[in-house]
Each structure stands twice: as C-alpha cells, then as structure tokens.
Amino acid sequence: MSTEQNNEPIIKTGVQNVAIGARDRPDETVLEATNLDVYYGDERAIDDVSIEIPETKVTAMIGPSGCGKSTFLRSINRMNDQIDAARIDGDLYFQGKNVYDEDVDPVALRRKIGMVFQKPNPFPKSIHDNVAYGLRVQGKDDDVNLDEAVERALRAAALWDEVKDKLDSSGLDLSGGQQQRLCIARAIAPDPEVLLMDEPASALDPIATSKIEDLIADLAEEYTVVIVTHNMQQAARISDKTAVFLTGGELVEFDDTTTIFENPDDNRVEDYITGKFG
Ligand SMILES: Nc1ncnc2c1ncn2[C@@H]1O[C@H](COP(=O)(O)OP(=O)(O)OP(=O)(O)O)[C@@H](O)[C@H]1O
C-alpha cells in the first residue's frame, strides 16, 4: 500500500524542529553536480548524477552499501584525486566554479570544503595543535590570533568546556566522541563554507552520537553540511534534504527530507526506506 493512500509517514522526521532562523532562508545552491560519473578503472561507481545542494542546510546521502555515497562525497572536495584508479566525467561546481578546473588548488579547496570521517582521526599532537593545524598551513600563525581561532573552533564544535584546561594534552587521550568533535573543530578552524561528513557518528556510542547530531544542527546555521549516513532515522532527524542513491551509483530521488521519508515519488525509495532491501 502506498504511503499516499494511508497517509502514514514511513519514518517521522525531525526537521521541523530546526527550520528556524538562518535555515528559513530560500535555498541558494552552493554545490552543483551535472551529469557526474565517477569510475574506478572501468567500473562506474557514480552514474550520471545531477544535484543542487543548498547552502546552510543539512543534506543527507543515504542508500545501500556500495551505492557510491562516499565516492560522491569525496568527489566534492577532490579527495578521490588521491585514489589512482579514480577518474571523473561531468562537472562539479562549488559556488559556481568547477572544482576540476586546472586552476583549482585541491588543498585550498579542502580548506573551503572540509571533511570529517567515520573514524575520528586526530593527529598525534596536542588538542590545541590539532585545531591550529589548518590555520598554520594557511600561514595564520600569529600566536594571539591562533589561540583565539582555536578557542572559537573548539566552542563551535561544542568541545571547549571539556578541554579548555588541558589544551596541551594529546588529542589521542580524548574519548571517541570528543575526538570526533576535535576533528570537527579542526575542519572548521580554517572557516570553511561546507563540511562533508562521512558517517561521522557510526563509530560512536548513543550519547556521543546524540551530541554530534545536536552539533550538526548548530553547525548548519553557519555551514553547509553534507552527511553520508547508514542510519535512516538519523537522516530523518537531522537533515533538511535527502538524496537517495541506489546500487550502481544512480541518484534516484532528491527532495526535502519530509517528502523522502513520508511520501517518496519513487517506489524503489519507499522499498529501501521500509527495509525491503539494502
Ligand atoms: N578506492 C577504490 N578503488 C576501487 N573501487 C572502489 C574504491 N572505493 C570504492 N570503490 C567501489 O565503488 C563503489 C562505491 O563505493 P562507495 O564506498 O562509494 O559506496 P558507499 O555507498 O559509500 O558504501 P558504504 O555504505 O558501504 O560505505 C563500490 O563498488 C566500491 O567497491
């Protein structure tokens, strides 16, 4: 039976709780893929994907294992450049500029489009130096400004109160959830526009996960967040927009999260989110 007929949402969404303030603005596109294909050797992992991702919103990417979510995410800030077999066709624009143009410096691009991974990966350095790292690379190493910028990033990552008295301790001595917030602080220190998150809470316990989810809602007041998640309830709770990929790297539906979870257009999306496959 279709959800349209019985009017019952498949998964209740939480987006109405965050549709306030800055996030009420009309959508402005910050990232746009047109007819994007990504290959590993001869194998196509992303198949002709076109999508416009709105600014200062949370966009979730969901879909079964191996459908290309991480590949798509990594193509946005050219992390796939580091994989020899990877190549792309089509276009990917950030603020109207094709990120694959020859004059784009991938390192500078990654400061504007930061990334947080599934497993927290702090450097074996102090908490302070983990956050300062991106700024030092940028050449902003005036001590006073650096300390202020480190504090700002740690506050924005909801970690400052827990670490302010031990900034010289190793980042590796923090709990998993704290390490992930430290990695988020490191990603936001250079003042990016976009944060890409590849299953940022899947290695964390429920309390640490809930802190990361609250933090994502706060971050989306200022940053565009694109998050890959296996957890459909999490996508429903925290995202404004949801993109559903299916096996073969096809983007089958992209819409407001409420529409995707309560009344999707494509039967395959309904089958996927009701657990019929994947
Ligand atoms: N470095 C790589 N070299 C070769 N093939 C790869 C590489 N990374 C991914 N692939 C292949 O590309 C396809 C998409 O993988 P990707 O990791 O993007 O999917 P995913 O949807 O993120 O999966 P998961 O949810 O399991 O993390 C898969 O067939 C995978 O085997």
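In what order do the six strands of the open sheet stand? The order is 6-7-8-3-9-10, and the pairing is mixed. Two strands count as paired if DSSP finds at least two bridges between them. Strand 6 (113-116) and strand 10 (250-256) stand at the edges with a single partner strand each, so one side of each lacks a neighbour in the sheet. On average, neighbouring strands of this sheet are turned by 15° against each other, direction ignored. Axes are lines fitted to C-alpha atoms, for helices over the stretch in contact, and angles run from 0 to 180 degrees between N-to-C directions.

The model is predicted: local features need pLDDT of at least 70, side-chain atom pairs count only at pLDDT 80 or more, and totals for chains, interfaces and linings use all residues. Residues are numbered from 1 along each chain as its sequence is written.

The protein chain holds 11 helices and 10 strands. These are DSSP runs numbered from the N terminus: helices are H or I with at least four residues, and strands are E with at least two. Of the 278 residues, 42% are buried. A buried residue has 20 or more other C-beta atoms within 10 Å of its own, with C-beta atoms placed from the backbone.

Met61 has Val228 in strand 8 as its bridge partner.

Strand 1 (residues 29-40) pairs with strand 4 (residues 86-94) in the antiparallel sense over eight bridges. Here Leu31 stands opposite Phe94. Strand 4 also pairs with strand 5 (residues 97-98), again antiparallel, over two bridges. Strands 4 and 5 form a hairpin with two residues between them. Gln95 in the turn has a positive phi of about 50°.

Helix 2 lies across strands 3, 6, 7, 8 and 9, and runs at about 150° to strand 8. Contact means that C-beta atoms, placed from the backbone, lie within 7 Å. Seven of the eight residues of helix 2 are buried, so the helix is largely enclosed by the rest of the structure. Among them are Phe72, Leu73 and Ile76.

Helix 2 (residues 69-76) also gives the most to the shell around the ligand, with three residues. In total, 13 residues surround the ligand. The closest are Tyr40, Ala45, Ser65, Ser70 and Thr71.

Technical notes:
Near = placed C-beta within 6 Å. Buried ≥ 20, exposed ≤ 12 C-beta atoms within 10 Å, placed from the backbone. Contact = placed C-beta atoms within 7 Å.
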